[in-house]
Amino acid sequence: MKGHHARRISTVDVVIIGLGYVGLPLAQEAVRAGLRVTGLDIRQATVDGLNAGRSHVDDLSDADIAAMLAGGFRAVTNVAGIAGTGPDVIVICVPTPLSESDGPDLTAVRAATETAATLVRPGCTVILESTTYPGTTDEIVRPMLEKASGLSAGIGFHLAFSPERIDPGNETYGIRNTPKVVGGITPACTEAAADFYARVCDTVVRAKSAREAEMAKLLENTYRHVNIALVNEMAIFCHELGVDLWDAIRCAATKPFGFQAFYPGPGVGGHCIPIDPNYLSYKVR
Ligand SMILES: NC(=O)c1ccc[n+]([C@@H]2O[C@H](COP(=O)([O-])OP(=O)(O)OC[C@H]3O[C@@H](n4cnc5c(N)ncnc54)[C@H](O)[C@@H]3O)[C@@H](O)[C@H]2O)c1
């Protein structure tokens, strides 16, 4: 797409929708990369706090927010606050909780997509980062954007999925040094999204399409879920057998291939590991 490549040289305007544990660190890294970043969040208190230099996310300090503001970052509650003719890149980072029926509740994704649709212009790139079932980007997000913008995904604008890999509290791995998986609706969409992430991440991994990128995320989280559950089951019967499981794990972990250590804990933690396998079974059912 000519327009896209022409704009790549100049300043890239980015809008990040959803300023939580996933969106805010991405906004930070994009500001550091010299992009013009606007964050959009429907929570007035979050937006006011950020614009006043206060962080509501553990991984970022108030000083981090101050540095973002100095780098041109602004938070807004709606599209009226976004200047210019529309962003080059829009990234959706809103929550996907579990619905009553055990599938993903896509209410926030749909609402954020509606917001994104009003900002779509020819040549722009829309990326979904929220964890969901394979097919969401193509079957839910794509038709909504196409209908509202009158443009076709892959022709008029680019559309891709890129799973977030935020590990809250991890001091070693952040946005910059965690490889980023990107899968577009078309190969050109993959490249457009990869162009953006190459500015904020050291390594970009191209998936065959958006579906493989969506599945990669569910594979990662289901893998962790299964292994955490396994080691917790083992902890129960090792206790009964008088076996020190921690010592057994220490020994098993010396195998240089085919084994990864998981440790017993209070259960399958976080707000995504216990939930994401349900998205897989929802789609497979
Ligand atoms: N944080 C993690 O550790 C983690 C890990 C794995 C997966 N995920 C996934 O990442 C996604 C985002 O999670 P998070 O941790 O950033 O959530 P979060 O709750 O920290 O932040 C989401 C933000 O989106 C905002 N929001 C909700 N609806 C909106 C809308 N329509 N428009 C604009 N803003 C809106 C909320 O106000 C909130 O500030 C989810 O799919 C989640 O399952 C998160």
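Student: What is the volume of the second largest cavity?

Tutor: Good place to start! Keep in mind that we are looking at a predicted model. Its count comes to two cavities of 30 Å³ or more. For the second largest cavity, the volume is about 80 Å³.

Student: How many charged residues are in the lining of the second largest cavity?

Tutor: Let's look at who is there: the lining includes E129, E164, R165 and K180, along with I166 and P179. Sorted by class, this lining has three nonpolar residues and two polar ones. The charged residues in it number four.

Student: Now to the ligand. Which residues come nearest to it?

Tutor: There are 25 residues around the ligand. Among these, the nearest are V22, D41, T96, E164 and C272.

Student: What distance separates a polar side-chain atom of D41 from an oxygen atom of the ligand?

Tutor: Let's go through some contacts with ligand oxygen atoms. D41 uses a polar side-chain atom instead, and its distance is 2.6 Å.

Student: How much of the area the ligand exposes when taken alone does the protein bury?

Tutor: Begin with the ligand by itself, which exposes 830 Å². Of that area, the share buried by the protein is 87%.

Student: Which helix gives the largest share of the shell around the ligand?

Tutor: By class, the shell has 15 nonpolar, six polar and four charged residues. The largest share, three residues, comes from the helix spanning residues 107–119, and that is helix α5.

How values were computed. Residues are numbered from 1 along each chain as its sequence is written. This is a predicted model: local features need pLDDT of at least 70, side-chain atom pairs count only at pLDDT 80 or more; totals for chains, interfaces and linings use all residues. Side-chain values use heavy atoms; hydrogens and water are left out. A residue is near a molecule or strand if one of its heavy atoms lies within 4 Å of it. A polar contact is a pair of N or O atoms within 3.5 Å; within protein, one must be able to donate a hydrogen and the other to accept it, and residues adjacent in sequence count only if both atoms are side-chain atoms. Accessible areas come from the Shrake-Rupley method with a 1.4 Å probe; for residues, only the protein chains shown count as cover. Helices (H or I, at least four residues) and strands (E, at least two) are DSSP runs, numbered from the N terminus. Ala, Val, Leu, Ile, Met, Phe, Trp, Tyr, Cys and Pro count as nonpolar, Asp, Glu, Lys and Arg as charged, and the others, Gly among them, as polar. On a 1 Å grid over the protein atoms alone, a cavity is a set of points where a 1.4 Å probe fits but cannot get out, and a pocket is an open set with protein on both sides within 12 Å along at least five of seven lines; lining residues have an atom within 4 Å of a point. Grid points are joined across faces, edges and corners, and a volume is the space filled by probe spheres set on the points.
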